[in-house]
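Please look over the sequence and the model first, then read the points below.

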Amino acid sequence: MKNDLVLRAARGENIERYPVWLMRQAGRILPEYRAVRASLSGFKELVETPERAAEVTIQPVDLLGVDAAIIFSDILVVPEAMGLTYEMVEKRGPFFPNTIKSESDFEKYAQVDFDIEDRLGYVLEAIKITNKELDGRVPLIGFAGAPWTIFCYMIEGQGSKTFSKARKFLYTQPEMAHDLLNRIAEVTVRYLKAQIKAGAHMVQIFDSWAGILGNAQYRTFGLKYIEKIAEQITEVPVTIFAKGAYAAVNDMVDSPCNTIGLDWNMDVVNIRKLVGETKTLQGNLDPCALYASHSEIERLTNNLLDSFESKRHIVNLGHGVYPDIDPEKVKTFIKTVKNYEI
Ligand code: CP3
């Protein structure tokens, strides 16, 4: 591996400078992505065509100079493999025509007895092609959604500000909720292991809707299942990104992960005090900071890096990059991190 900074930072090994990549770096910010996307019928065809998925995975490495690639796919391929197909509706986001309402839906929509290669082989193939084309330039990150976030979509069927149907389920059918979360976790372990076998050098678990649960509930229905997954992934470094789960970061000190992803509301200094040198932190510039001027982005990025007090850090935004950000602003962010002396 020519540039393994991200892997070394994740393992707590020595680094010459902080590594940097962006969540959602493979996507609409790049005109080159939009061109590939426009040449196909839509988002799903891109995700399901390994050569093209590999191509857009590598674009940010070539065009932005990030220190890692993340495989172009979506967290929603997992519920789809379990039996719930999704549609990606232009300007609206994901939509599932069917959802899980009762235990009798499990057989159809929460399947576990299937072969990962059979149903998600296109992701594994995209990983293999990407690594061949990357030729060891940077590590490739695999990923999956956390059980709680996948549960939200399987119950709710689409995005929501409150996910109140999914949360209602926890109060009215807690046993069924645990059954479903267990099923998702079981499939996710097999899926992540298959990604690693195909060539993913580290993996990230995205819990995008962690913040909508209270702390006690998040421990019971959220973090517990992430930890169940993470403790079975011993092959490569694991990152947990639980967006908005401020109180849960305390619990993550003991989680079986190398890296904790922080959103931009989380306090790097306090969390560092909490974890000491036992964990790597990832994040957490406000994605909106990239709307500022180039000089302001430089200042804000340097301020963030000044606050670290440890080398165990992978620089990223606090959430995915917004699609209308100017790629030149992203380059300024990346350049500032690369020029920072530690
Ligand atoms: O560059 C990368 O980060 C890799 C690719 C990636 C995508 N989705 C591609 C994508 C990753 C890691 C994801 C994860 C994902 N998908 C999450 C977790 C991370 C987060 O943002 O909180 C979630 C919640 C989803 C579900 C999802 N997919 C939604 C809600 C949407 C619609 C909103 C949006 O951004 O448009 C998607 C679509 C999606 N996934 C796009 C991309 C590039 C945009 C679709 C397009 O190109 O038209």
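R190 lies over the face of F114, 5.5 Å from the ring centre; a charge sits over a ring if NZ of Lys or CZ of Arg is within 6 Å of the ring centre and within 35 degrees of the ring normal. This is a predicted model, in which local features need pLDDT of at least 70 and side-chain atom pairs count only at pLDDT 80 or more, while totals for chains, interfaces and linings use all residues. Residues are numbered from 1 along each chain as its sequence is written, and side-chain values use heavy atoms, with hydrogens and water left out.

**Overall form**

- The protein chain has 15 helices and 9 strands; helices (H or I, at least four residues) and strands (E, at least two) are DSSP runs, numbered from the N terminus.
- For 342 residues, a compact globule would have a radius of gyration near 20 Å, and the 19 Å of the protein chain agrees with that; the radius is taken over C-alpha atoms, and the globule rule is 2.2 Å times the number of residues to the power 0.38.
- Along the principal axes, the C-alpha atoms of the protein chain fill a box of roughly 60 × 45 × 35 Å.
- Of the 342 residues in the protein chain, 59% are buried; buried means under 20% relative accessible area, exposed over 50%, and partly exposed in between (1.4 Å probe, protein chains only).
- Among contacts between residues at least 6 apart in sequence, 74% join residues at least 24 apart, where contact means heavy atoms within 4.5 Å.

**Aromatic rings**

- The whole structure holds 13 aromatic pairs; rings of Phe, Tyr and Trp (its six-membered ring) pair if their centres lie within 6.5 Å, and planes under 30 degrees apart count as stacked, over 60 as edge-to-face and the rest as tilted.
- One of these pairs is F43 with F72, which is edge-to-face, at 5.7 Å centre to centre and 70° between the planes.
- F43 belongs to helix α3 (residues 43-48) and F72 to the loop between β1 (69-70) and α5 (77-81), so this pair ties together parts that are 29 residues apart in sequence.
- F43 is buried at a relative accessible area of 13%, and F72 is buried at 7%.
- Y86 and F96 form a tilted pair because their ring centres are 6.1 Å apart and their planes stand at 50°.
- Y86 sits in the loop between α5 and β2 (87-89) and F96 in the loop between β3 (93-95) and α6 (106-109), so the pair ties together parts 10 residues apart in sequence.
- Y86 is buried at 2% relative accessibility, and F96 is buried at 2%.
- Y86 and F96 belong to one aromatic cluster with Y153, F163 and W209.
- K44 also lies over the face of Y86, at 4.2 Å from the ring centre.

**Helix α8**

- Helix α8 (residues 147-156) is mostly covered, with 10 of its 10 residues buried.
- The buried residues of α8 include W148, F151, Y153 and M154.
- Just after α8, G157 takes a positive phi of about 85°.

**Y340**

- Y340 lies in the segment after α15 (327-339) and is buried, with a relative accessible area of 16%.
- Leaving aside neighbours within four places in sequence, Y340 is in contact with R17, Y18, N302, L305 and D306.
- Y340 and P31 are 309 residues apart in sequence, and their C-alpha atoms are 28 Å apart in space.
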